[in-house]
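Student: I am new to this structure and would like a close look at one part of it, the aromatic rings.

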Amino acid sequence: MNYEQITVAGSGVLGSQIAFQTAFKGFQVAVYDINDEALDNAKNRMMNLKLRYKEDLGATDGEINEAYNRISFHTDLEKAVIEADLVIEAIPEVVPIKNNFYKDLSKVAPQKTIFATNSSTLLPSQFAEVTGRPGKFLALHFANEIWMNNTAEIMKHPGTENQVFNDVIKFAKAIGMVALPLQKEQPGYILNSLLVPFLEAAQQLLINDVADPETIDKTWMIATGSPKGPFAILDIVGINTAYNIANAKGQSGNDHFIKLANILKTDYIDKGKTGREAGEGFYKYPNPNYLKPDFLS
């Protein structure tokens, strides 16, 4: 593995985390997004990440400033990937958007460049042909707050070259991740195969008027000893992501997910309640009720 220049395409919550963590571990990173507003938001996220790295990892001002200085920001895809050894795609979980992105990427990326998708639930084989380089394409999935929850699931599709698979495993280790190779395609990898049904079950309880988010979270936390319930986790993941997953399943004909997607959009997203980063989702931040001492009483 001789990667030096990494491009992260998509500067949302997880894309920003991937970029900052990669730069923190010494790589040069180019961040690409579709407009300056998105990149300005990414820069603000990284300012917050600097504080979290100091608080959670004990990083020094020098270390986090050096990391940030290794990052460049681009709205021109060709410039963003001109020297890329690896492109990590972290754009919305919408198939047509990803297809169009890979068509554009394949036209401008150097032949040496490896493509990796951070898709949460979609399979790399769905996009392998449209990348124009199926042998150099695979999935590389991170958990949210990757500097602490440092899993990296590496999943190949049947056409991925073994050398590419092994090199991405080495890269994941090089940026401080615990590399978790998957030998067979699985929607949701390991983490989301477990997590997504859990979160969807909680959301179905909500939309069926069984209980409110705090009661559902309280039940889970008391009964299992977990520090967070499903709706606290959804606020971290981001309600936009939950909506995209529900909407895709709804469009496949599942009425329950149509109802869920509509509620997430009208009751939360349209009101700016998109999760912890926005200051409000199912809870209000920075002091959500589930962290209060009497929440479980």
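Student: Over which ring does the charged end of Lys156 sit, and how many Å from its centre?

Tutor: The charged end of Lys156 sits over the ring of Phe165, 4.7 Å from its centre. A charge sits over a ring if NZ of Lys or CZ of Arg is within 6 Å of the ring centre and within 35 degrees of the ring normal. Lys50 has its charged end over the ring of Tyr68, 4.7 Å from the centre.

The model is predicted, so local features need pLDDT of at least 70 and side-chain atom pairs pLDDT 80 or more, while totals for chains, interfaces and linings use all residues. Residues are numbered from 1 along each chain as its sequence is written, and side-chain values use heavy atoms, without hydrogens or water.

Phe101 and Tyr102 make an edge-to-face pair, 5.4 Å centre to centre with 70 degrees between the planes. Rings of Phe, Tyr and Trp (its six-membered ring) pair if their centres lie within 6.5 Å; planes under 30 degrees apart are stacked, over 60 edge-to-face, the rest tilted. Phe101 and Tyr102 are both buried, where buried means under 20% relative accessible area, with a 1.4 Å probe and protein chains only. Tyr268 and Phe282 form a tilted pair, 4.6 Å between centres and 50 degrees between planes. Tyr268 lies in helix 11 (residues 255-268) and Phe282 in the segment after helix 11, so this pair ties together parts 14 residues apart in sequence. Helices are DSSP runs of H or I, at least four residues, and strands runs of E, at least two, numbered from the N terminus. Tyr268 and Phe282 are both buried.

Definitions and conventions
Buried < 20%, exposed > 50% of the residue type's maximum accessible area, 1.4 Å probe, protein only.
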